[in-house]
Amino acid sequence: MSWIFYAKYETLLHSSNWGSSNPARQCDADFTGLPLVRLFTYLRLVPQQSTDEKFMQAALVEAEKGSGTTSPNPAVGAVLVLRNRIIARGHHRFAGGDHAEIDCLRKLDDPIPAEAVLYVTLEPCSTRGRTAPCANFIIQRGVRRVVIGAVDPNPKHRGRAIGLLRAAGVDLITGVLEDECTRLNEAFNKWIVSGEPFVIAKCGMSLDGYLTRPPGETRWLTSESSRTHAHQLRALVDAIIVGAETIRRDNPRLTVRKGPRRAQPWRVILTKSGRLPRNATIFRDAKKERTLVYRNRSLRAVLRDLGRREITSVLIEGGGDVLSQALDQRLIDKVQIYVAPIFTGGGVLAFGGKGAALTQQSLRMDSPRYERISQDICITGYPKKATDITAE
Ligand code: AOF
Ligand code: ZN
């Protein structure tokens with residue numbers, strides 16, 4: 001394998017932005033002013049992408065075209081390669097529609113050449129669901145070599161197609177760009193094995209951790225760019241959860257106004273008292289049949305019920321009450337938090353709750369990412385599992 005020096009673009013990007021005082025320079029990498037010694041610290045010896053990785057990357061690009069529209073199915077992409085050239089591409093668009101492999105292979109009428117290789121981001125399915133099994137179709141079409149990204153976590157399929165294809169004499173390898181292929185479907189991966197949706201906690205907060213705006217001041221703590229950035233998440237989830245107080249106070253629309261979404265995400269309102277303004281937008285607008293109200297139910301019970309309705313991902317948008325419950329009950333799978341450079345004091349804490357008795361029991365983030373957006377910082381991360389913490 002050949003090796004190249006490769007600057008970790010992202011690390012440089014973040015390190016340079018931290019030091020930046022120029023709000024106009026948001027996310028572009030900036031090498032000026034970076035001491036040479038620091039530059040070399042970040043130079044990493046990494047393997048050049050192999051041919052398999054290159055084509056799996058192309059299959060991932062296909063898969064991403066379905067992100068946000070395939071639920072409750074995963075987003076999957078495929079490419080067919082002949083002598084180092086992609087001759088067909090395909091992706092899964094919506095549940096009930098063609099799977100990625102079928103979409104790709106159907107683009108060729110002719111017999112598939114013996115040297116052709118099929119790259120697919122997820123292990124092909126092996127039994128009939130809404131559609132016929134892809135493994136059989138691949139064998140029938142005479143594909144001789146298959147490269148798989150991630151194994152399908154669906155208990156109905158997990159590992160079966162690998163056995164079927166090998167038994168039919170197909171040359172097969174798995175695990176190419178496995179992490180990328182897995183992460184693409186983080187919501188599906190949780191829901192299909194647990195029956196509960198993947199929970200993303202999202203909010204904008206002040207430097208002192210408050211959600212609320214100072215009375216009489218501007219309506220928002222975070223910048224417009226942060227809010228546009230945050231809005232894009234809505235296009236990728238099946239439901240948005242808020243507490244009744246958010247409806248009473250802000251009368252939000254909770255709709256997707258940008259992005260590829262086919263259906264409006266469910267709007268889920270949690271209330272103890274049942275007191276909700278009848279003329280709130282969510283009960284009156286064109287999407288009103290996509291509003292669900294849960295009265296006096298624990299967040300966990302709500303999530304279970306949503307999972308039964310094939311809701312694979314939820315976005316908790318506030319207020320402090322719901323976010324705190326989610327934190328205290330350890331129901332969060334991912335956070336996306338926008339911190340604005342402002343101290344408000346008082347008001348509603350984003351994550352009040354009971355808190356952890358000991359620092360050791362606090363919820364730590366795994367793989368946190370920091371992105372500067374205008375004057376704000378967007379922090380994303382995955383809470384560490386208890387097992388990761390005890391292993392440290
Ligand atoms: C594939 N290729 O593109 C996708 C797969 O009900 P069905 O027939 O649509 O099957 C859904 C299941 O198939 C889904 O839960 C997941 O395990 C797998 N998704 N498989 O071979 C695809 N989207
Ligand atoms: Zn399939």
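**Ligand first.** I started at ligand 1 and found 19 residues around it, the closest being V76, H99, G129, R130 and N154. For this shell, a residue is near if its C-beta atom, placed from the backbone, lies within 6 Å of the molecule. I sorted the shell by class and got 9 nonpolar, 7 polar and 3 charged residues. In that tally Ala, Val, Leu, Ile, Met, Phe, Trp, Tyr, Cys and Pro are nonpolar, Asp, Glu, Lys and Arg are charged, and the others, Gly among them, are polar.

**Housekeeping.** I am working on a predicted model, where local features need pLDDT of at least 70 and side-chain atom pairs count only at pLDDT 80 or more, while totals for chains, interfaces and linings use all residues. Residues are numbered from 1 along each chain as its sequence is written, with chains lettered from A and ligands numbered from 1 in the order in which they are written.

**The five-stranded sheet.** I traced an open sheet of 5 strands with mixed pairing, in the order β4-β3-β5-β6-β7. Strands (E, at least two residues) and helices (H or I, at least four) are DSSP runs numbered from the N terminus, and two strands pair if DSSP finds at least two bridges between them. Both β4 (85–91) and β7 (171–173) have a single partner strand, so one side of each lacks a neighbour in the sheet. On average, neighbouring strands here are turned by 15° against each other, direction ignored. For angles, axes are lines fitted to C-alpha atoms (for helices over the stretch in contact), and values run from 0 to 180 degrees between N-to-C directions.

I then looked at β3 (residues 77–82), which is joined to β4 by 6 bridges in the antiparallel sense. L82 sits opposite R85 in β4. Helix α3 (residues 51–64) packs on this sheet, touching β3, β4, β5 (117–122) and β6 (145–150), and its direction makes about 140° with that of β3. Contact means that the C-beta atoms of two residues, placed from the backbone, lie within 7 Å.

**The eight-stranded sheet.** The other open sheet I followed has 8 strands in the order β11-β10-β9-β12-β8-β13-β15-β14, again with mixed pairing. Its edge strands, β11 and β14, each pair on one side only. Neighbours in this sheet are turned by 20° on average, direction ignored.

Buried means 20 or more other C-beta atoms within 10 Å of a residue's own, exposed means 12 or fewer, and partly exposed is in between, with C-beta atoms placed from the backbone. With β9, β10 pairs parallel over 5 bridges, and G243 stands opposite L270. A further 5 parallel bridges join β10 to β11 (residues 291–295), where Y294 faces L270. I also checked β9 against β12 and found 4 bridges, parallel, with A239 opposite V314.

**Helices on that sheet.** Helix α12 (residues 299–308) lies across β8, β9, β10, β11 and β12, at about 155° to β10. Helix α13 (residues 320–328) lies across β8, β9, β10 and β12, at about 130° to β12.

**Helix α9.** Which residues of α9 (residues 224–234) are buried? I noted S226, A230, L233 and R234. They span an arc of only 110° around the axis, which puts them on the same side of α9; the arc is taken from the directions from the helix axis to the C-beta atoms. On the other side, E224, T228 and Q232 are exposed. The cover over the buried residues includes β8 (198–205), β9 (239–243), β12 (313–318), β13 (334–339), β14 (365–373) and β15 (376–383).
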